[in-house]
Amino acid sequence: MASKYQAPRGTFDVLPEDARARARVEAAASGIFARAGYGRIATPAFEDTELFERGVGRSTDIVRKEMFTFEDKGGRSITLRPEGTAPICRAYLERGMQKLAQPVKLAYSGPFFRHERPQAGRYRQFHQVGAEAIGSDLPLADAESIGLLADLLTELGVPGVELRLGSLGSLQARRAYMEELKAHLHANEGELSEDVRERIDVNPLRAFDSDHEGTRGVMEGAPRMVERLEGEDADHFAEVRALLETAGVQYSIDPTLVRGLDYYTRTIFSFVCDRLGAQSEIGGGGRYDGLIEQLGGPPTPAVGWAAGIERILLALGEETEAPPPRTVFISHDAGSGEAGRTAVALAGELRRAGLATELDLAGRSVKGQFKHANRIGADLVVILEEDGTLQLRDMQSGEQDAVESSDLVTEIGRRRS
Ligand code: HAM
C-alpha cells in the first residue's frame, strides 16, 4: 500500500542497512578527533537568525535563499542551522571559552539544513562532521586541521580525492582585492551573466563559480588573490604549504577557489572527489580570523572544516556494511514454553558478555526459525532440544555439537576467534 505521507522534499530516512556505513564514518571521525585532542561539542539545531546573517554573511546564497527561517511563538526569528561554525563561535563566546588554554579544539557531528534544489549529493537536511580550532593564528593550526580531514578520508578509503588550496589574505588585503575584482567585473559587465552582474557589488567572488560562458571568459582575465598575497599573508600561506608538504599531504593550488560563506580569511581549502557529479565537494573549510570579532568578541583567529557525511557515503559507493556475526536461538516452542524461557535467559547472558544474539520474536516454526537465521546472516545457532539439552551449530559447515549452557559464552567466543 502506498503511503499517504512522504518524507519532505530533499530529506531521507536512514534505514538500518544505511546506518552501519554511516556509523563507520562517525566512528572514524570520532577516533581522529579524540587522538588529536578535539573535544566534542553539540549546539542546538536552531539559533537566532541574526547569528547566521552576521556570521555567514548577508550576501551569501545561504543567507539570501537557503535558510529555513520561521518566527517562534515569542515572535523571535529562528533559523535551522545551515552550518556549524557560527554557532560554535557563539558558544565559544557565550561560554567564556576565551579563558581556556588556546586554541580551543572542538569537533562535531549532526544535521544541518539548507533549502537548496535537491539533487544527488545535495539535500535539505544533511549531516556534517567537522572540527574547529579557535584561538591560534599559526600556520601549524591550518596544516593540522587540513591533515585531520585528509586522514579521515584516507582511513575511510574514499577514492579519487583531491585537495585544492587557496588563500584570501587578511581581511584588509581581501577588501582591497575585492575592490580590484569589482572594477574588473564592472569594466566587462556586458559579457557577464545576469546573476553575476547583479551581484558585482555584493559578492564578486562568486563570479569564479559561474558556468556561464561569457562570465568564464571575463574571469580568465580577472585578478587572482593567491597571486597578490603580500607580507605576512604570503608568509603564512607559504608556511601552510611547507607544512603540508612535510606531512606528505598532496594538494594543488586553485587560484579560483571560492567558498559559499563570507567569514573566510587567509587559507581556504576544498576536498573534491572525482566519483561525485556536480556536487563534488566532500568537505572543506579554512581560516576565519574575523568571525568571532564580527559576533561581538575580541579578535580571535580560528580555522576549521566540515565534511558532508552523505557525500562521503556516495563517494564510497554502494558497498553496504555486512552485519556483525550473531548467534540465533532456535527452540521448538518459540518463546512460549520452557525452552523459550531458557532462550530468553541465555540470550541475555550472551548479550551481557558482548555477543550479538537474537531470538525468534515472531512465533515461527523450527524450520522457519532456521530460514530466518540464514536470512539475517547468523554464523551460529543454538538449538534448544525438547529434552532441555543444547546444540551449537555452525551454519557454514553444518557441524553441530552438544554444549552445556554454562560453556556457551566460551564456546561461541572460541569459534569466532
Ligand atoms: P560548506 O562548504 O558550506 O562549509 O559545507 C561543508 C560540507 O557540507 C560540503 O563540503 C558538503 O560536503 C556538505 N554539504 C553542504 N551543503 C550540503 C547539502 N545541501 N547537501 C549535502 N551535503 C552538503 C561549512 O558548512 C563550513 N561551516 C565549514 C567550516 C568549518 N569552515 C570552517 N569551519
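A crossing of two helices is right-handed if the near helix is turned clockwise from the far one by less than a right angle. Keep that in mind, please. One caution before the details: this is a predicted model.

Let's start with helix α1, residues 16-35. What is the handedness of the crossing where α1 passes α5? It is right-handed. Helix α5 covers residues 139-156. The axes of α1 and α5 come within 10 Å. They cross at roughly 140°. Angles over 145 degrees would count as roughly antiparallel. α1 and α5 are therefore oblique to each other.

Now the other partner of α1. That is helix α11, residues 309-316. The two pack at an angle of about 115°, and their axes are 10 Å apart. That makes α1 roughly perpendicular to α11. Here, too, α1 passes its partner, α11, in a right-handed crossing.

Back to α5. It also packs with helix α9, residues 231-247. The angle is about 40°, with the axes 8 Å apart. That makes α5 oblique to α9. And the handedness? The crossing of α5 and α9 is right-handed.

Next, the ligand. How many residues surround the ligand? The number is 27. The closest are E83, E116, R259, Y264 and E281.

Let's go through some polar atoms. E132 places a polar side-chain atom 2.7 Å from a nitrogen atom of the ligand. I282 comes in through its backbone: an N or O atom there lies 2.9 Å from an oxygen atom of the ligand. W305 also uses a backbone N or O atom, 3.3 Å from a ligand nitrogen.

How much of the ligand does the protein bury? Taken alone, the ligand exposes 650 Å². The protein buries 96% of that.

Which elements give two or more residues to the shell around the ligand? They are β6, β10 and β11. On your sequence, β6 is 125-134, β10 is 281-287 and β11 is 302-308. The largest share of the shell comes from β10, with six residues.

Two backbone details to finish. Where is the cis peptide bond? It joins Q102 and P103. Omega there is about -5°. P103 sits in the loop between α4, residues 85-94, and β5, residues 104-113.

The other detail is R266. This residue is not a glycine, yet its phi is positive, about 50°. You will find R266 in strand β9, residues 265-273.

To recap, then. Please have a look at Q102 and P103 for the cis bond, and at R266 for the positive phi.

Methods: Residues are numbered from 1 along each chain as its sequence is written. This is a predicted model: local features need pLDDT of at least 70, side-chain atom pairs count only at pLDDT 80 or more; totals for chains, interfaces and linings use all residues. Side-chain values use heavy atoms; hydrogens and water are left out. A residue is near a molecule or strand if one of its heavy atoms lies within 4 Å of it. A polar contact is a pair of N or O atoms within 3.5 Å; within protein, one must be able to donate a hydrogen and the other to accept it, and residues adjacent in sequence count only if both atoms are side-chain atoms. Accessible areas come from the Shrake-Rupley method with a 1.4 Å probe; for residues, only the protein chains shown count as cover. Helices (H or I, at least four residues) and strands (E, at least two) are DSSP runs, numbered from the N terminus. Axes are lines fitted to C-alpha atoms, for helices over the stretch in contact, and angles run from 0 to 180 degrees between N-to-C directions. Angles under 35 degrees count as roughly parallel, over 145 as roughly antiparallel, 65 to 115 as roughly perpendicular and the rest as oblique.
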